[in-house]
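This briefing sets out selected features of the structure shown below, grouped by topic. It is intended to be read alongside the sequence and the coordinates.

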Amino acid sequence: MLAMHFKKAYTAAVCFISLLFFQTSAQNYPAVFDPTTLNGKNGFIVKGLNNEDRLGFEVNFIGDINKDGLEDVAISSDANKDGVNYGGTAYVIFGSQNPYPSPFDLTTLDGTNGFKVEGIVENEGRGDSVGKLGDINGDGIDDVAFSSSRNGAIILYGKRAGFPAVITKTYITGVNGFVFDHIFLGEIKNAGDVNGDGINDIIFGQGIGGSVFIVFGQTGNFPAVINTTWLDGIKGFSLASVDASRSGYYVGTAGDINGDGFGDVMVGIWTGSSPGQNLTYVYFGHAAPFTSLVQLKNVTGTDGFAIENKPGNFLITVGTLGDINGDGIDDCYSRSNIIFGSRNGFAQKFIPNGTNGFACAGFNQTSSGIGDVNGDGIDDFIVVAKNNENWVVYGSRQAFPVEFDPAVLDGTRGFKIKNLSQTNIGRQVSGKGDVNGDGLSDFMIGNEYGINSSNDKGEAYIVFGGDHYALPLTTDYPKALNITSAGFTLQVNTTEKGKITYAVYSGTAAAVTQQSVIAAGTGSIKYGEFSAATPSTNINKVLTGLTGGTAYDVYLYFQDEKGNAGVIYKLDNVTTLAADTQAPVITGCPANKKQGCGALLNYTSAVTVTDNMDATPTVTQSPVPGSPVKTNTTVTITARDKNNNTSTCVFLIEVVNSIQCPGNQQLAMGMALPDYAKDAAVTGFCEGIPTITQTPAPGTIAANNMKVTLTSTDGTITSTCSFVVNSTTTALEAQTDAAALIVYPNPATDVVYVNGSAYNAFEVIDNSGSIVLQGNADSEINLKNLSAGIYMILFYDSEQQIVAMKKVIKN
């Protein structure tokens, strides 16, 4: 089984670079970022409402127009109001610290969470360009512009509350904004503070080409309607057209590219076929005075400069990128050229050389600064590139080469967004705003025709700054272990918390390249997910219910706690074992055993187990070793292979105890049996001290060669032993009489006297065989405390041998 990554084929590099110019930082994005994974936590998707809306051909961060401390965004579309052809609609979504739904429903905009700006006449094209203006009327709140190619530009003043759900040109009164009345307006953008009065200015382009208009911001509101007559050199000015098919088609700010404290502006073009018709321009801001018309193409390097663009580029967008080389001065771009800011002046015509900037033919259309998205302290930028891709390029303090190679965008130096469907008209990328208030720069992408040209409703992606990258699994994982005929164990080891999503396919199934297919289990035999809550720990998922002797492909991916989906891994041709119905073989099964009451021993090591397919079957014992054994117990040894085939062997543990009787005894004939239980020894009982009974019972008159049996029991276990009692004849009594030992009086009331032969000790035994009195040799024996009856007095010598026996009657 082989663990592997799916690799994505990259477009062949169109320009070249040393990899050393990038500084790497913690990786927050994969090499290829999939915007369809935005889930509300890491950003959100906005979808067009109707066919042919083309939502997202223009997207912009527009500042904080409702003064809530959060950046707001605008997304343009071709949506029409009430059947007005090409009326156009721009949607404004307010920033929020509350989670966004993904996708975001544009029909929910009600004035509190955003609003829409609609065109009301045919071909109005409202929102073809949306401009982030900053504060142009000095009230401390950002303002925004919505262009129109036929019906004048709307400049809408920001305010703290009270936006309607729908805004049209008729809403503008001079109090809430103004109209710049000019036909065929193109782009409207923030110009920065061109005249250094501390208030932002506005730059207007022309859709059909011509002069570019700059309106100076002011303290206080503008008249309800102004036009080009406003541009008198005091309230604004014009930049004369330059050589191009359409001069001023694109416009924008360059930031303060020469570091003099004034905002500088840029003019882009629709290139022409004649020589010199591929130049774009930068014009430096400065203090008053201004003439009403500036001949832009006459700039000399001191008041601005020209940028030579590669021929055949068609539309050439321009704009600021922020400070992408970390030198403290704003940088800008003109389509495929990146221009570094400098306080040391500029040549009349800019040509990149690696020191003053760089270029790449792969930069296909528009670009935008997006702030510092990778957290290294340097601004980054995004480019609409060739091959339906967008590229995010991380800024660097180290030198850039003359030509940029997109192959370096590996997730640590930048990344790509693929399979987009964007046109070459409009600005489909924007950034350097914080929509969700987390303190990180966010960016957005418009995609007029959806992923892989899937629809013409269009969609836009707002990507929150921060972690968008699920770390790879630990090296050498995943693994397939413990393979049986019914399945196997899937083992992973992660480097951060999250979950694993997997799907098992037939080994002949087509390759799976999308996480969503794995998550849905489309076409799979089985699928699911499991937690990976502890990093750097082996996590096992047992997969069962598969067919024996079959090859399977396992696809899986890791998703971190942020919801970022990692790369797809594949375990190729995991083959289950052939079906096994043969049970293991047990040899050496123990014979029946005997033991006393106690703990059961472990007999598993006493057997030998072999199996046809499992080298190490499991062996268990029931009852388990150490279990208490009080009665006869059946023990079962079970052997189980990996395919759950089992065999058993069985034997008996017989619980035994013992009672040990005294040796054979002698009693005089006619004498009662004593209680011999006191002389027995017992072992092996479970439940306390056993009860011992005697048969015949004590007190029974002894007979010659009488068998006496002692029985011990604890209520559960019983054991017996026997011995023989031999009776002496009268000859023994005659022998003792011959010893001249006399006991008198007999019968007696209390004391009997002993005369004659010497003895060492005596015992008085009643009819039950019990000793009721004993003592050492004496001339008298006191029977006073005994009950009336017949007693036997035994006399012993110093060797404990009976020397005489006398029957005595006690009255």
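**Structural briefing**

F178 counts as buried, at 0% relative accessibility. The model is predicted. The protein is divided into domain 1 (34–463), domain 2 (479–576), domain 3 (585–650), domain 4 (658–728) and domain 5 (742–810).

**Aromatic pairs**

- F178 forms a tilted aromatic pair with Y157, with 6.3 Å centre to centre and 55° between the planes.
- This pair links distant parts of the chain, since Y157 lies in the loop between β9 and β10 and F178 in strand β11, 21 residues apart.
- Y157 also counts as buried, at 4% relative accessibility.
- The number of aromatic pairs comes to 43.
- F44 and Y100 form a stacked aromatic pair, with 4.1 Å centre to centre and 10° between the planes.
- F44 lies in strand β2 (residues 43–47) and Y100 in the loop between β5 (89–93) and β6, so this pair ties together parts that are 56 residues apart in sequence.
- Both F44 and Y100 are buried.
- A cluster linked by ring pairs contains F340, F358, F363, F381, W391, F400 and F404.

- Strand β8 (residues 143–146) pairs with β9 in the antiparallel sense over three bridges.
- Within this pairing, V144 has L156 of β9 as its bridge partner.
- β8 and β9 form a hairpin with six residues between them, and G152 in the turn has a positive phi of about 80°.
- β9 also pairs with strand β11 (residues 177–180), in the antiparallel sense and over four bridges.
- Opposite L156 stands G177 in β11.

**A five-stranded open sheet**

- Five strands form an open sheet in the order β3-β4-β5-β6-β10, with mixed pairing.
- β3 (59–63) and β10 (166–167) stand at the edges, each with a single partner strand, so one side of each is left without a neighbour in the sheet.
- β10 pairs with strand β6 (residues 114–118) in the parallel sense over two bridges.

**Cysteines**

- Two disulfides are present in the structure.
- The link of C589 and C649 is right-handed, with 85° about the S-S bond.
- C589 lies in the loop between β42 (585–587) and β43 (593–595) and C649 in strand β49 (residues 646–655), so the pair ties together parts that are 60 residues apart in sequence.
- C589 is partly exposed, with a relative accessible area of 31%, whereas C649 is buried, with a relative accessible area of 8%.
- A disulfide also joins C661 to C721, with an S to S distance of 1.7 Å.
- The link of C661 and C721 is right-handed, with 90° about the S-S bond.
- C661 lies in the loop between β50 (658–660) and β51 (665–668) and C721 in strand β55 (residues 718–728), so the pair ties together parts that are 60 residues apart in sequence.
- Both C661 and C721 are buried.
- C332 is in no disulfide, and the nearest cysteine sulfur, that of C360, is 17 Å away.
- C332 is buried, with a relative accessible area of 0%.

**Domain arrangement and annotation**

- The C-alpha centres of domain 2 and domain 3 lie 37 Å apart.
- An unreviewed UniProt entry lists residues 579–657 as "domain: HYR".
- This span, residues 579–657, is 0% helix and 46% strand, and its end C-alpha atoms lie 50 Å apart.

**Polar contacts of T412**

- T412 lies in the loop between β30 (390–393) and β31 (414–417).
- The side chains of T412 and D410 are joined by a polar contact of 2.6 Å.
- The T412 side chain also makes a polar contact with the side chain of R413, at 3.5 Å.

Methods. Residues are numbered from 1 along each chain as its sequence is written. This is a predicted model: local features need pLDDT of at least 70, side-chain atom pairs count only at pLDDT 80 or more; totals for chains, interfaces and linings use all residues. Side-chain values use heavy atoms; hydrogens and water are left out. A disulfide is a pair of cysteine sulfur atoms within 2.5 Å. Buried means under 20% relative accessible area, exposed over 50%, partly exposed in between (1.4 Å probe, protein chains only). A polar contact is a pair of N or O atoms within 3.5 Å; within protein, one must be able to donate a hydrogen and the other to accept it, and residues adjacent in sequence count only if both atoms are side-chain atoms. UniProt positions are given in the numbering used here, feature names are shortened, and annotations may be inferred rather than shown by experiment. Two strands pair if DSSP finds at least two bridges between them. Domain bounds come from an automatic or database domain assignment. Rings of Phe, Tyr and Trp (its six-membered ring) pair if their centres lie within 6.5 Å; planes under 30 degrees apart count as stacked, over 60 as edge-to-face and the rest as tilted.
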